[in-house]
Amino acid sequence: MFDVTFDEAKHAYTVDGKAVPSVTQLVAPLGADYDEPEDDMLALTVEAAADRGTTMHAYLAHRLTGGAPEDFELPDAYAPYADAVELFLSEHRIDPYLIEQPLGTEGFAGTPDLVADFDGTLAILDYKFVSQIAKSKVAAQLGGYFTLCGDNALYPEALFAVQFLPDGTYRLYPADVGQALASFHVCKTLYEIKTKKHPRGRIA
């Protein structure tokens, strides 16, 4: 097993005492995972999306660990997303193995939203609280988490993105494992090329 530490304030990981990039950093070249706002609303929209995502991830962790909905303080604006979460939980059988647990391996680390027995299959699930999903980026993220799980003696068979919508519904997107792994491998290779140390006076 790998010794992983995660500094939440800096969103920084170390594996066996060495700073490493996160899955999120590695797949960054594939673009943002939030809607593209108008330029003059960019900062406000991104900040709002980030707060919504953080809050709703915490709400899901609360519910998956047995917490009651009424015991979690949610802004009124997020109530439709909570309805979407409740619908999702009511329609699926979920037995969590890992809930937002940092994992590390040689060269990178990350935190899957959920690794669980999902309707009878060990699966990785990634939550999104935006109106459009960047599917290629999500696939690569899931490929990274799949790799992390395998290197930590967890062997998922399925990958899903769950899109929670402001109308109180959700969409479940299965991801092809082979394509997800291929996409992540491309991102990781690009990162390694960009950060490669070259000898003085040459390109090697």
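Mentor: Strand 8 (residues 121-128) and strand 9 (residues 158-164) run parallel and are joined by six bridges. Helices (H or I, at least four residues) and strands (E, at least two) are DSSP runs, numbered from the N terminus, and two strands pair if DSSP finds at least two bridges between them. In general, strands of a sheet pair through backbone hydrogen bonds, either parallel or antiparallel. Lys128 stands opposite Gln163 in strand 9.

This is a predicted model, in which local features need pLDDT of at least 70 and side-chain atom pairs count only at pLDDT 80 or more, while totals for chains, interfaces and linings use all residues. Residues are numbered from 1 along each chain as its sequence is written, and side-chain values use heavy atoms, with hydrogens and water left out.

The open sheet has five strands in the order 4-7-8-9-10, with mixed pairing. Strand 4 (94-99) and strand 10 (170-175) are its edge strands, each pairing on one side only. From one strand to the next, the twist averages 30°; axes are lines fitted to C-alpha atoms, for helices over the stretch in contact, and angles run from 0 to 180 degrees between N-to-C directions.

Helix 4 (residues 135-151) packs on this sheet and touches strand 7 (114-118), strand 8, strand 9 and strand 10; contact means heavy atoms within 4.5 Å. The direction of helix 4 makes about 135° with that of strand 8.

Helix 4 also packs with helix 5 (residues 177-194), at an angle of about 95° and with the axes 7 Å apart. Helix 4 is therefore roughly perpendicular to helix 5, a term for angles of 65 to 115 degrees. Helix 4 contributes Ala139, Ala140, Gly143, Gly144, Phe146 and Thr147 to the contact, and helix 5 contributes Val177, Ala180, Leu181, Ser183, Phe184 and Cys187. By class, eight of these residues are nonpolar, four are polar and none is charged; Ala, Val, Leu, Ile, Met, Phe, Trp, Tyr, Cys and Pro count as nonpolar, Asp, Glu, Lys and Arg as charged, and the others, Gly among them, as polar.

The loop between helix 4 and strand 9 holds Ala153, which has a positive phi of about 65° although it is not a glycine. Most residues other than glycine have a negative phi.

Key: Parallel < 35°, antiparallel > 145°, perpendicular 65-115°, else oblique.
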